Amino acid sequence: MAGMGRQFLSGQAHDFLFINHALARTPRNVLFESLNASAPLETAPYPDHRLFAHAIRHFIHRLITALIVFIILCAPVHAVETLRVLAWPGYADGDLAKEFEKRHNVHVEVSIVGSDEALQRKIGANQGGDFDVFAVNTAELQHYIDDNLVVPLQLSNIPNTLNQLPRFRNLHGIPGITRQNKVFAIPYTYSEMGLIYDRKQFDAAPTSLAVMWDARYQGRVLAFDTSSHNFSIASLLLGGSPFHIDEKEFGKAVEKLIALRRNVLTFYTLPEESVELFREHSVAVLFANYGRQQFKQLRDAGADVGYVIPSEGALAWLDCWAVSRGAKNQRLAENWINYMLDTSVSRELTLRQGLSNTIEPDPLANNADKIIWLEPVEDSKRRTVLWSRIISGDLPEKLLLP
Amino acid sequence: MLLAVFGILASGLTGYYSYSSSRAMLLAAAERDLLTATRVLSRNMLVSLGAIGKDAKLLAVLPRTTKILMGPNSATAEDDTKVVATVFKAMLSTHPEYFQIRLISADMHGLELVRVDRDENVLTRVLAGDLQEKAHYPYVFESLRLKRGEIHLSKIAINHEVGAHSGLNKPTLRIASPVIADDGKPLGLIVINIDLDSLFALLKADLPAVYKLYLTNELGDFLIHPDPREAFGFERGRRTLVQDAFEPVSAVIEGKHETIVMNIDAARKQQNRLIAAFVRLPLGDTAAKRSVIIGLSQPLENIVLEATRLGRYILHVVLVFSGLALILAAMVSRAVTRPLNEMVKAIKNFSKEKVISKLPLGRNDEIGLLAHSFHDMQMEIMTHLSELKESRLILEHTAKHDPLTGLPNRTLFYDRLQQAIIQAKRDKTSLALMLIDLDEFKPINDTLGHHIGDLLLKEAANRMCDCVRESDTVARLGGDEFVVLLPLIDGQRDAMMVAEKIRLAIKQSFNIENQYLITSASIGIAVYPEHGCDETQLSVSADNAMYLAKRGGRNRVHLCQN
């Protein structure tokens, strides 16, 4: 979990909705993993002959044999297709990719990407020609659709989508995945941002995000230091759209966030930080930017905590598989997506990375829970600038000056 | 040669050993120095932080500070704030490493009541409308939990607080002290923002420029790094940890060690090899958990450079000593090998030619002793040899001469006779063989004794010798029988003349031990080639002639008649 929340504080223009999205995954220190099924080079054992010349002759003979064997073994591999996968750490582990190679008699080349920016660079580099299939979140996906870097998918080639949870089967219900009735991506994994509360301080679980503003818990609320999500929450509470705050509503959102600032203990950035603050300052409720992983972390630290999805809904990032415009064989790329949705493969993701999959229901989750998939916001730069002033403690009078 | 090899080997090994050991010593010394410097740096940092803490405490106990906090809206508040701001300014002006000093209220969401910022070179007092609420910052709520006189040291972080003037987006450490009312209620706090970079610039000023400074938090995140891009990685979403760059530091982070010094010689494949020392420095009196790790590094090249210089020097020494070893070997060979060679030559010379060559006798060492022994042996051998030669000569003489008269004996005579005949044959000359028998010798011998007889024979021999030429040979055949060889004679007359001379000489009386003795000689002569062509015929002829002389009445000469 050490890497959770990396890259968080970057108050840059790219403080997009998902800055932290990649980071909430347990990172595997795989930078580049090339899966090569070719046989290991057969090395001829050196024959023990008395005559040196004979030995040399024998050796050369063996070498040639080994070479021929090598070439024969390599030949079909080079002849077969190569599927170029670009994924986040833990999404396509070597053993899983090997299984796909076996099933489809292809060669899989997995490259690992660590940030949204890197993903944009790699896919954008050669008009998508360097990769066949890649993983991207719903908000980021919009850029790729806009730039015509992804192609619509043939759902009939991905029969496993039928096994997905209802929430993910309704692709039109997930903003950003479809455009003009064409499906551009298939959900693969997600994490929502609920509320974690101290069960000792609540008789009943809090139901609304408004609990963070509740004066009864003043100084015992932990919020997350982020511009986008905080504005989204404020807007939600104000009854507006989380991702599209009207010009005239901005002042109200700012006021709301100042009120939040005045009610919280502090704004955390790292999950470890939240655990420490929770323990030291008898925190009652915290905004779980890192979702269930963070909840688990707190529980493991001995806190008697509960986790709820607020009635207003929980913001959530959703990673999908998409096929690049430069894909050499779209069918093969779709086969890959289908394979990723195999119950066994998706289950591995949950087991290994602690992330929710789209096939098996999370025992803690409720189908009725309102999940708000993240979308690009109206003006992330504006939110960032305002947020940095809010958290710096500017007085409302100053902040709300036109 | 072997000696030279040993010499070079010894000096080479000594050189290598001293090079490697002094390199290790240099490294160890450099590591020690570095660790000491790091410790001193940590101590200085602690002292500096203590001094800053005192400043904060001092400001926190100013009566006017409390007064402002007690009644921020009172009539005198404006004046009091002005005074306190002046004090803040004074303090900021004497401490260039201070970014900002603030008085923050515990109420009003942590509103700043007095705040002076450094803005480039100007000290700016932030006025009412621009003051901010800070209650949600840990340095505020943590400080308010402290007792009077205690100090809070914040985490070191980039200051993102908008409006912080010079301090904005700079690595900052906040040192705070609470202002506590008499009833123990926290009223507010004093916060001093420290410019981490200039603080360390001050601390590092006395260190050699090659020393590079590192500072990390308790988790190992770099806060100061020689490469600024490596510092505050977590701010950019990419943690840069000291334990990744300097693996052994993880022991310090885990609390196993307080200090560590390392040599990143082999551990890292990077070309910039260095030695580094890290010291953990616990911060704050209360929150013992907070600590920083201070590190210094020094490129290994500098130290290795010294070692290399030393190595080069040692190499020179080794070369000089190798040269010396060569010279020594040459000298030893001159001193030992050459005299030995000379002696071998002398021995060969001696055994081959029996010549005594020069020996190194002038030396007092073993070689001299050997030479002396050899010389003595040579001398002894030479003595023995000459003795042997002498006795051989005597033997030889004895074998060919008559012991009594010293005349050649029969063997030698016949040898000469043969030679003379061969010579005469070749030169076609003549020679004569005379056989002489003393008459009436036996009675003398019998009556007067052998002694007298011997003396007579001797004297007779002398007289015969006097009668012949030097080239002639007189020999004794035994008893009273003598024989004379006269080579190169002109004719029988010559022989007759010599024979007559001898007969007359013998006829003279002999005075032997005062006795006068009378004897005579019967002489038979044979001449080559008339009376025989070889020694046997000649002998027979001479014998016959002598017989005839005897029969003729003795004391006469008879020439062989054919």
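Biologist: What share of the contacts in chain A with a separation of 6 or more comes from residues 24 or more positions apart?

Modeller: This is a predicted model, in which local features need pLDDT of at least 70 and side-chain atom pairs count only at pLDDT 80 or more, while totals for chains, interfaces and linings use all residues. Residues are numbered from 1 along each chain as its sequence is written, and chains are lettered from A and ligands numbered from 1 in the order in which they are written. Two residues are in contact if their C-beta atoms, placed from the backbone, lie within 7 Å. Among the contacts in chain A with a separation of 6 or more, the share from residues 24 or more positions apart is 76%.

Biologist: How many helices and strands does chain A have?

Modeller: Helices (H or I, at least four residues) and strands (E, at least two) are DSSP runs, numbered from the N terminus. Counted in this way, chain A comes to 13 helices and 15 strands.

Biologist: At what angle do the axes of α6(A) and α7(A) cross?

Modeller: Axes are lines fitted to C-alpha atoms, for helices over the stretch in contact, and angles run from 0 to 180 degrees between N-to-C directions. The axes of α6(A), residues 227-237, and α7(A), residues 250-263, come within 9 Å and cross at roughly 105°. Because angles of 65 to 115 degrees count as roughly perpendicular (under 35 is roughly parallel, over 145 roughly antiparallel, the rest oblique), α6(A) is roughly perpendicular to α7(A).

Biologist: How many residues of chain A are in contact with chain B?

Modeller: The count is given for each side, and chain B brings 19 residues to this contact.

Biologist: Which residues of α12(B) are buried?

Modeller: A residue is buried if 20 or more other C-beta atoms lie within 10 Å of its own, exposed if 12 or fewer, and partly exposed in between, with C-beta atoms placed from the backbone. On the other side of α12(B), His451(B) and Asp466(B) are exposed. The buried residues of α12(B) are Gly453(B), Leu456(B), Leu457(B), Ala460(B), Met464(B) and Cys467(B).
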